[in-house]
Amino acid sequence: MDEFVTEALVLDKESVRETDARVFLYTKHIGGIAAKVTSARKMTAKLNAHVEPMTLTIVRLVKKNNESQGYQLTDALTVDPLLLWKKDAAMFRRGLGILALLRSEQFIESPDVELWELLTQIFCIAPDSNKNYHGMVLKALGFDPLFAQCASCGGRPEYFYGTDQSFYCLRCSEYSLIEGAMIPCNATGFTI
């Protein structure tokens, strides 16, 4: 049995059975993981508030020797609830789009120090509606919108579809039958 303590950005949380939950995290030292949280949905659960999406937290994870069981989250402590991002509905939606992108990439147990630094730099400051945060994260992931083109017509990309890792222009994204979340990439500046 291995135990890890690391900083993590909570990407998503879903219900499992009656009282348990599964959280999707991007951690500083392990990379992207999913972890089981036992009894997270009970009224008396103390971990629940610390593993809400778009929260920066320190987690303690246990990985059993049996690989199929994955990680168990045993402890969590909120470092930053990222309230600056949660004040404005438009910025909150943009933040959730970044988290959805990170979850769709599924880089399981593949830490990236540069990506971690970018994420903490983005989320730990007051958000700026003029910054292209999606473009910065796409660039860090190796999908620089400046060098991309629409998968359908070859035009200037406006949206990135994480499931098939394709860019689409506004016209093609409106007419495509793609299901799932497309995030705006707006191939413009990338400064923080």
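Reader: Where does pLDDT stay under 50, and how many contacts beyond four places in sequence does the model have there?

Author: Over residues 187-192 pLDDT stays under 50, and the model has 21 contacts beyond four places in sequence for them. Here pLDDT is the predictor's confidence in each residue, from 0 to 100, and a contact means heavy atoms within 4.5 Å. Where pLDDT is low, the predicted coordinates should not be read in detail. This is a predicted model, in which local features need pLDDT of at least 70, side-chain atom pairs count only at pLDDT 80 or more, and totals for chains, interfaces and linings use all residues. Residues are numbered from 1 along each chain as its sequence is written, and side-chain values use heavy atoms, with hydrogens and water left out.

Reader: What is the mean pLDDT of the chain, and which elements have the lowest and highest values?

Author: The chain has a mean pLDDT of 84, with 89% of its residues at 70 or more. Helices (H or I, at least four residues) and strands (E, at least two) are DSSP runs, numbered from the N terminus.

Reader: How does β2 pair with β1 and β3?

Author: β1 and β2 pair in the antiparallel sense over eight bridges, and seven bridges join β2 to the antiparallel strand β3 (residues 31-37). Strands count as paired if DSSP finds at least two bridges between them. F24 of β2 is the bridge partner of D12 and also stands opposite A34 in β3. Seven of the eight residues of β2 are buried.

Reader: What lies between the strands in those hairpins?

Author: The hairpin of β1 and β2 has three residues between the strands, and R17 takes a positive phi near 55° there. A hairpin also joins β2 to β3, through three residues.

Reader: Changing topic, how many salt bridges are there?

Author: The count is eleven, a salt bridge being a side-chain nitrogen of Lys or Arg within 4 Å of a carboxyl oxygen of Asp or Glu. R17 forms one with D20, with the closest N and O atoms 3.1 Å apart. R17 is exposed at 64% relative accessible area, whereas D20 is buried at 7%.

Reader: Which pair links distant parts of the chain?

Author: E109, in the loop between α2 and α3, and K63, in strand β4, are 46 residues apart. Their closest N and O atoms are 3.1 Å apart. E109 is partly exposed at 38%, and K63 is buried at 11%.

Reader: Which residues do salt bridges with shared partners join into one network?

Author: D12, E14, R22 and R103 form that network. Within it, the side chains of E14 and R22 meet at 2.7 Å, N to O.

Conventions. Buried < 20%, exposed > 50% of the residue type's maximum accessible area, 1.4 Å probe, protein only.
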